[in-house]
Amino acid sequence: MDKVTLFEMGPRDGLQNEKKLIDTADKINLVDLLSDCGFSKIEVTSFVSPKWVPQMADAAEVLAGINRNPAIAYAALTPNLRGYEGAKAARADEVAIFASASEGFSQKNINCSIDESLERFAPVLAAAKADNIPVRGYVSCVTDCPYDGPTPPESTARVAKALYDMGCYEISLGDTIGAATPETTSLMLQAVQQHVPIAKLAGHFHDTHARALDNIEVCLGYGLRTFDAAVGGLGGCPYAPGAKGNVATEKVANLLHSKGFATGLDLERLAKASQFAQSLKG
Ligand code: HMG
Ligand code: MG
């Protein structure tokens, strides 16, 4: 059976936008519940500026408190070398850098241009390589930007290629505001696949307009076999107004199972984790 990997985003992309500060113990409990569901990858937190994203200020405490399953890679976002050092000290199994395909979102999200962000990521990749820590690369706004409008497919391809050439093991293509359609998703993938092998691409869809599953089906047709999703459809991005949560993990799992793909996920345990995740929302 063809296998698809679901990269669970709930504790990071899901919770980062919550206005009410969530107790560290609850975040730890959520990760522990998710660790029983069969994931191989869970994004736990971000080592970003607490002034920018207060909800992620307890990144080190969360990583210190979880019960680690050795079969799972626990990941963290790292926007700069300082974040990387924090993630390494907290024993993140892998880290992720995040760039944007659009200038407007790059400025609003990480306070620099796209090219400046790529320069800032170079020392993170060098340090991670020396430490043998895998680095994932995100490209945001792959089809649409809340500030600049539609993103030309070539812009997404350029940034995806840059992150891949710098040494990211996988490029996650982010529809940050859930505005992609099957048509724009397809055009974007046509451009990106000319520079990055399909096997190194992941889809990261927010479900603002309930098109995430359709877009995932398009990606499956192109051969993508890794998707990001958040339990219970939690979340949104603090610097992308109107962005809703990631597509719900349970919805993606159901779609994949109905199409004959294996995910390795236990849907009953996932439902429990989803219930708990929902209870954390303000
Ligand atoms: P800046 O203000 O330009 O940088 O922020 P700075 O170097 O002047 O730092 C500002 C303050 O933050 C300073 O503190 C630094 O020390 C501190 P002060 O001196 O004022 O007291 N600082 C840090 N603290 C902790 N950890 C760090 C760190 N770095 C600096 N790593 C910066 C630039 C990149 C730091 C900031 O813009 C930032 O943290 N942005 C992160 C925003 C974010 O987390 N967004 C959400 C994640 S991205 C996303 O959701 C999209 C994704 O899901 C894919 C998709 O859907 O498209 C991945
Ligand atoms: Mg996201």
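**Entry 1: the magnesium site**

I started at His-206, which is buried at a relative accessible area of 2%. I use buried for under 20% relative accessible area, exposed for over 50% and partly exposed for in between, with a 1.4 Å probe and protein chains only. This is a predicted model, where local features need pLDDT of at least 70, side-chain atom pairs count only at pLDDT 80 or more, and totals for chains, interfaces and linings use all residues. Residues are numbered from 1 along each chain as its sequence is written, chains are lettered from A and ligands numbered from 1 in the order in which they are written, and side-chain values use heavy atoms, with hydrogens and water left out.

Which protein donors does the magnesium ion (ligand 2) have? I found Asp-13 (OD), His-204 (NE2) and His-206 (NE2), at 2.1 to 2.3 Å from the ion. Donors here are N, O and S atoms within 2.8 Å of the metal (3.2 Å for Na, K and Ca); water is not among the atoms, so sites may look incomplete. The donor residues follow the spacing D-x190-H-x1-H in sequence. Asp-13 sits in helix H1 (residues 10-14) and His-206 in the loop between strand E9 (201-205) and helix H9 (212-222), so this pair ties together parts 193 residues apart in sequence. Helices (H or I, at least four residues) and strands (E, at least two) are DSSP runs, numbered from the N terminus. Asp-13 is also buried, at 2% relative accessible area.

**Entry 2: salt bridges**

Side chains of opposite charge can pair when their charged atoms come close. I took a salt bridge as a side-chain nitrogen of Lys or Arg within 4 Å of a carboxyl oxygen of Asp or Glu. The count by this rule is 15 salt bridges.

I looked up Asp-93 and Arg-68, whose side chains meet in a salt bridge at 3.9 Å, N to O. Asp-93 is in the loop between helix H4 (81-89) and strand E4 (94-100), and Arg-68 in the loop between helix H3 (59-65) and strand E3 (73-77); they are 25 residues apart. Asp-93 is partly exposed at 32% relative accessibility. Arg-68 is partly exposed at 25%.

Next came Asp-228 and Arg-136, with their closest N and O atoms 2.8 Å apart in a salt bridge. This pair links strand E10 (residues 226-229) to strand E5 (residues 135-140), 92 residues apart. Buried or exposed? Asp-228 is buried at 0%, and Arg-136 is buried at 0%.

The side chains of Asp-207 and Lys-251 form a salt bridge at 2.9 Å, N to O. Asp-207 is in the loop between E9 and H9 and Lys-251 in helix H10 (residues 249-258), so the pair ties together parts 44 residues apart in sequence. Asp-207 is buried at 14%, while Lys-251 is partly exposed at 38%. I also noted a network: Arg-12, Asp-13 and Glu-43 are joined by salt bridges that share partners.

**Entry 3: positive phi**

I checked backbone angles. Cys-141 has phi near 55°, a positive value in a residue other than glycine. Cys-141 lies in the loop between E5 and strand E6 (144-145) and is buried at 0% relative accessible area. Ala-210 also has a positive phi, near 55°, and is not glycine. Ala-210 lies in the loop between E9 and H9 and is exposed at 58% relative accessibility.
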